[in-house]
Amino acid sequence: MANNNSKVNPIISLKNVSKWYDDFQALKNIDLEIKLKEKIVICGPSGSGKSTLIRCLNRLEAHQEGQIHVNGIELHEKMKDIDTVRQDIGMVFQSFNLFPHLTVLENCMAGPNWVRGISEDEAKERAMSLLEQVKIPEQADKYPEQLSGGQQQRVAIARSLCMQPKVMLFDEPTSALDPEMVSEVLDTMVELAKSGMTMICVTHEMGFARQVADRIIFMDEGEIVEQNSPEEFFNNPKSDRTKGFLDQVLS
Amino acid sequence: MFVDTVVEDKALHKPAFLAGLSITVLAIFFAFNFTNTIFGEFLSPVIGNPEESGFFGRLAVSFVLTILFVGNLLLISFARLKIQILIVWLELFLLFLAFAYSFDLEIAYIFSGQPSKIGIMISKGLFTTIYISAVSIVIATVIAIVGAIAKLSNNGFAYAIASFYTSLFRGLPLLLQIYLIYMGLPQLGFMIDAIPSGIAALSLCYGAYMTEIFRAGIQSIPRGQWEASRALGFPFRLILRKIILPQSIPLIIPPTGNQFIAMLKDSSLVSVLGIWEIMFLAKKLGAKDFNHLEMLLTAAMIYWILTIILETIQARIERKYQQKT
């Protein structure tokens, strides 16, 4: 990434980041810079470290070597302001992780109301407008378990957006969904991308990657093997590992 | 439990089982010899004087009893499930009454005196028992929440203190704890009354058991709930209070209800401190005229009724929480 415009401060930067699970090295010397409004898709075979990488960005996982800066703040073990950093990073999980004892509306109001110090009325207004954005305002008073997987994932996206984050992380958001529900979630993500949100998505949805990504990152065995624009990535992959992976997912 | 959609014949309706059961029951009745009881008298037109009826009389009595017993089972087996349950309950209760009746009790003794003995048991004893149990369960719950969080924390001191506490108080008999607190604390210069020391012992003991219940309840909340809360930037206390504990409560309530019912009965142990609860009064009121069994049975009935009421309440609370989640 030497040709980055150095005037644009990256919202996220990783320098030489490594992570181990006991003896197993999950991330190997990762260098990465992500600018505001950039849309990144991370792909790779399972066990390649892509989920680990994205989970290090809001420190759900700890890295052992190198530096991660988010919004100008370094993430490390002794930091005091991790909650403030996390409030600016939305995260959407494979398994939705909605709060089952709260209604859809309460799920979306919780963040702004509890930690952003926003009044209940205002939080409710914001939650409703975001539920409209993900096209399920009519489900506001239901509990998560009454919703389909696709609807739950859209609520999870709305819940994150209610915090008005600077970056959104997506960790395989469609992998747990029935096939017919994948597109409703992807459509929501495409719209979010159009609105200018900075997005980092771990996904196997190559159609989505082609349509939305500014940059596709291919990981294997804990390393970034290749990163490129979608056109170059799909039409002109450089590494053999990338070619092998693309053959499998595109066939 | 999962009830299969394929139903086997009732065991009672299989001739082989029925025959085997009848022979076994006959053998048991024969072995216990009911000839000299009321059953023998009933059959005296057939077997003559029960005392002299010998082998034939004994067999006849056992035979009639077996027919009554197995016939009763057969009849019940044709009823609907709810009716079956009701009849069996009633019959077992009647058997229990007959058992108590065979003690040759002076039932009127329970109602004698001014105020009546049962009146004292209910007005003083029942109140004290409920008061001690209720205060103890509240304190035990607070201890359990703190203990569970300490046991789940990675603070060495908190974990060590909490696990030492649960190990000690689950490792000693409750009766011993009651004595130790009541007699031990004054050695340290704390004069402590009987009721507070009884409450302290019950709270500490049940707090230790409930710590484990709460810990298991908190641990069974999926990891994803923590991750989602962390990712939203919620601080630890907020996650616990608003996300984790509310989801643990439906899991914690059934075993906690059991603990409360158990505590209600274990509160009888504090009678050794001279606290005027049900058990103490039963012993005290019965001892005067050597009518121990009358008063003990009264106490038994009060505990039993109280437990049934609590079980009903517990079932209702459980149903309410099941609907919500």
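## Two helices side by side in chain A

In which hand does helix 5 of chain A cross helix 6 of chain A? The crossing is right-handed. Keep in mind as you look around that this is a predicted model. Helix 5 covers residues 149–161 of chain A and helix 6 covers residues 179–194, and the two pack at an angle of about 20 degrees with their axes 8 Å apart. Angles under 35 degrees count as roughly parallel, so that is how helix 5 and helix 6 of chain A lie to each other.

Who does the touching? From helix 5 of chain A come Gly149(A), Gly150(A), Gln151(A), Gln153(A), Arg154(A), Ile157(A) and Leu161(A), while helix 6 of chain A brings Met181(A), Glu184(A), Val185(A), Thr188(A), Met189(A) and Leu192(A). Sorted by class, this contact between helix 5 and helix 6 of chain A has 6 nonpolar, 5 polar and 2 charged residues.

Now pick out strand 3 (residues 39–43) and strand 8 (residues 198–202) of chain A. They run parallel and are joined by 4 bridges. Opposite Ile42(A) you'll see Val202(A), which sits in strand 8 of chain A.

## The four-stranded sheet

Chain A also holds an open sheet of 4 strands, with antiparallel pairing and the order 2-1-4-5. Its edges are strand 2 (24–34) and strand 5 (73–74) of chain A; each has a single partner strand, so one side of each has no neighbour in the sheet. Strand 1 (residues 12–21) and strand 4 of chain A run antiparallel, with 5 bridges between them. Here Ser13(A) has His69(A) of strand 4 as its bridge partner.

His69(A) turns up again on the way to strand 5 of chain A, where its bridge partner is Glu74(A). Strand 4 (residues 65–70) and strand 5 of chain A are antiparallel and joined by 2 bridges. These two strands form a hairpin with 2 residues between them, and in that hairpin Asn71(A) takes a positive phi near 60 degrees.

## Over to chain B

Which residues of helix 8 of chain B meet helix 10 of chain B? They are Tyr165(B), Thr166(B), Phe169(B) and Arg170(B), and they meet Ser203(B), Leu204(B), Cys205(B), Gly207(B), Ala208(B), Tyr209(B), Thr211(B) and Glu212(B) in helix 10. By class, the contact of these two helices of chain B has 6 nonpolar, 4 polar and 2 charged residues. The axes of helix 8 (residues 156–171) and helix 10 (residues 194–219) of chain B come within 8 Å and cross at roughly 120 degrees, which makes helix 8 oblique to helix 10. The crossing of helix 8 and helix 10 of chain B is left-handed.

## A pair of rings

Over all chains, a search of the whole structure turns up 16 aromatic pairs. One of them is Phe29(B) with Phe69(B): the ring centres are 6.4 Å apart and the planes stand at 80 degrees, so this pair is edge-to-face. Phe29(B) sits in helix 1 (residues 15–32) and Phe69(B) in helix 4 (residues 54–77) of chain B, so the pair links distant parts of the chain, 40 residues apart.

Terms used: Residues are numbered from 1 along each chain as its sequence is written. Chains are lettered from A and ligands numbered from 1 in the order in which they are written. This is a predicted model: local features need pLDDT of at least 70, side-chain atom pairs count only at pLDDT 80 or more; totals for chains, interfaces and linings use all residues. Side-chain values use heavy atoms; hydrogens and water are left out. Axes are lines fitted to C-alpha atoms, for helices over the stretch in contact, and angles run from 0 to 180 degrees between N-to-C directions. Angles under 35 degrees count as roughly parallel, over 145 as roughly antiparallel, 65 to 115 as roughly perpendicular and the rest as oblique. A crossing is left-handed if the near helix is turned anticlockwise from the far one by less than a right angle, and right-handed if clockwise. Contact means heavy atoms within 4.5 Å. Ala, Val, Leu, Ile, Met, Phe, Trp, Tyr, Cys and Pro count as nonpolar, Asp, Glu, Lys and Arg as charged, and the others, Gly among them, as polar. Two strands pair if DSSP finds at least two bridges between them. Rings of Phe, Tyr and Trp (its six-membered ring) pair if their centres lie within 6.5 Å; planes under 30 degrees apart count as stacked, over 60 as edge-to-face and the rest as tilted.
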